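Here is a short tour of a model for you to follow on screen. Please have your viewer ready, and we will go topic by topic.

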Amino acid sequence: MEIYKAKVLGFCYGVKRAMKIVNDTSQEGQPVVTLGPLIHNPQAVKRLMNRGVRSVNNLEEVKNKEIVIIRSHGVGPSCYNDIKCKNLTLVDATCPFVKRNQDIAKKLSHEGHQLILIGEKNHPELKSIAAWVEGKHPVIIENMEDVQRMPSFDEAHIVIQTTFSMVLAEELIASIQKKVGTLGVHKTICQATSERQKAAKELAGKVNVMIVIGGRNSANTGRLAEVCRAAGARTHHIETAKEIRKEWFHSQYKVGITAGASTPDWIIEEVVCIMEDMGKMLEMEEQNLDYKKGDVINGEVIELFDNRAYVSFGYKTEAVLPIHEYSYPEPESLKDVLKIGDPIKAVIVNGVREDNPIYISKIKLDRLSEWDDVEAAFEKGEPVECEGIESIKVGLLIQINSLRGFIPLSQGDLRFVHSLSNLVGKKFMAKILEVDRAKNRLVLSRKAVLEVQRDEELKVIEDAYANGDTLQGTVKKIMPYGAFIGVNGVEGLLHISDISWKKIAKVEDVLQPGEVIDVKIKSYDAEKQRISFTHKECIPNPWETSIHGHKIDDVVDAKVVKILDFGAIVELADGLTGLLHVNEMTNDHNKKPGDVCNVGDAIKVRIIGIDEERRRISFSLAEAINQETTEDAE
Ligand code: SF4
């Protein structure tokens, strides 16, 4: 058990001052009485009694020659008058901060202002402030119901009890403002109160259990307990160490201690001592039991609910497996994933103590083996599958089963990207760069995996380039000058002139996105990773397959595929193309190529030249027409 004390706790300035005044006065030899208990702490008051300092309820109880001490909460003006009339000796221990409140109330009411006092109706300090109000009756506000009941005012001033809750006071003021035209607010809550509340809240947020020490009649101690409960700590309000119960703690617990402004140091120290002893005792007790926190148990499900399962594991009590300790992601109901009699292996997560339930976690045990797996993958340099769960400014948070990890922005992709949000909800492989189970740290790189993949893909490309292999590629994108083809994860350009042996007007006339075609690698620049493909090298070349079916003087069908300044390119049905010179188009030498034919025209031409070596073929339209005319005449 670890014990922490709040940064600020125990006696405040006003209480310390009052105690000193009483001590100093009682040492002067004359009997001393306090008008009401000096502070809201029965043990401290009893100690004073033992030293002869009595507490009286009213002035009637004061005996002759007894010095009357007014406590830190103060009294009203009539009490001062009575003491004077009775000729009693007065020592005033009213806290200067309370005195200031009384003075504010007196001055404002004297000036004719309406006063609203926020505080506990029965608290002696509030009563003393109210007693100093002159003229109009003050309105006392302790809670929201009081605000609803109060009448409306054109103007009023608020004075607050020094030990009142700051949070509640602010809520009340906000509501009061709606009922008052002009409202003056005097924030008279004592700093000692707010400091103790702030320190208690801070500590309560870090521990499992809070012990708040102070009189049950102490308003500020009660507030401290409320603050600690609101901060989420299991809170016990005690007056002395005798009230502490062992069952409130386990040895693994972090326990915080705070104390009200009227709690003496000796009570606080006594509590700390007892709790330290108790912590040692608990540790010894837990060591003597058969099972302890961290033990792995093999059990069987004996009772099942939606949100928890009871597991028998050979101990005198069953262990509880809460749904959130079963697996990641959490199932909707444990009944969906378990049935009575199922074996369960899990780890004990709390201290095992008599009469306390034992909690087990399967997820924590799974996590141990998940850490083993990622550590092994790290050692071997193997990638692991992970899922993107949240994109953040500096990278991506990922999940590997129940483990959380992080991919820095620079490790998310092959190229620099501004965000990895495209990976949220996606599963992918990543390589572990750093793993630290103790610090719960797991850093990964997707880029490292992509680099390996790219190297493998490029190796396939390199080999195919070296061997002249034919590969299968997918048309990814059509451009006016060609198409981008994806081969084995790598993209390259297939230029329009490399698509076919025939002339192509538009790429989309022959290729469609998504189409799979054969390609060969025409050029490959490993450094720039630039690839160009050819498709026409994968299909028959008409100069090798069809040219021998043609001879000079043959008249053949052809199509005009391009008009040039000096003629036209025509294409035969088998894909062979050749030049139809302007001089061979017509005998009329004033005509230009476009005057004789247009792209797409089907014409008959005579083959007038074949140069196999230079892969050139030339045609004559005029001769074909002449031959046709002659044949018709015959
Ligand atoms: S809590 Fe503040 S106002 Fe009250 S006695 Fe202590 S110092 Fe004075």
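What you see is a predicted model, in which local features need pLDDT of at least 70 and side-chain atom pairs count only at pLDDT 80 or more, while totals for chains, interfaces and linings use all residues. Residue numbers start from 1 along each chain as its sequence is written. Helices (H or I, at least four residues) and strands (E, at least two) are DSSP runs, numbered from the N terminus.

**The sheet around β1**

- β1 and β12 (residues 254-259) run parallel and are joined by four bridges; two strands pair if DSSP finds at least two bridges between them.
- Both belong to an open sheet of four strands in the order β1-β12-β10-β11, with parallel pairing.
- β1 (2-5) and β11 (234-238) are at the edges with a single partner strand each, so one side of each has no neighbour in the sheet.
- On average, neighbouring strands of this sheet are turned by 20 degrees against each other, direction ignored.
- Helix α8 (residues 191-204) lies across β1, β10 (209-213) and β12, and runs at about 170 degrees to β12. Axes here are lines fitted to C-alpha atoms, for helices over the stretch in contact, and angles run from 0 to 180 degrees between N-to-C directions.

- An unreviewed UniProt entry places the feature "binding site" at Cys12, Cys95 and Cys190. They span 179 residues in sequence, yet no two of their C-alpha atoms are more than 10.5 Å apart, so they gather at one spot. UniProt positions follow the numbering used here, feature names are shortened, and annotations may be inferred rather than shown by experiment.
- Cysteine 12 lies in the loop between β1 and α1 (13-26), and cysteine 190 in the loop between β9 (180-186) and α8.
- Is cysteine 12 buried or exposed? Cysteine 12 counts as buried, because it has 26 C-beta neighbours inside 10 Å. The cut-offs are 20 or more other C-beta atoms within 10 Å for buried, 12 or fewer for exposed, and partly exposed in between, with C-beta atoms placed from the backbone.
- Cysteine 190 has 24 C-beta neighbours inside 10 Å, so it also counts as buried.
- Leaving aside neighbours within four places in sequence, cysteine 12 is in contact with Ala192 and Ala261, and cysteine 190 with Phe97, Thr162 and Thr163. Contact means that the C-beta atoms, placed from the backbone, lie within 7 Å.
- Around the ligand are 14 residues, of which Cys12, Gly14, Cys95, Thr162 and Cys190 come nearest; a residue is near if its C-beta atom, placed from the backbone, lies within 6 Å.
- α1, α4 (96-110) and α8 are the elements that give two or more residues to this shell, and α1 gives the most, with three.

**Strand β17 and its partners**

- Strand β17 (residues 358-361) has a covered face, Ile358 and Ile360, and an uncovered one, Tyr359 and Ser361. In a regular strand, side chains alternate between the two faces of the sheet.
- Strand β15 (residues 319-322) pairs with β17 in the parallel sense over two bridges, and alanine 319 has isoleucine 358 as its bridge partner.
- Strand β16 (residues 343-348) runs antiparallel to β17, joined by two bridges, with isoleucine 348 opposite isoleucine 360.

Technical notes:
Contact = placed C-beta atoms within 7 Å.
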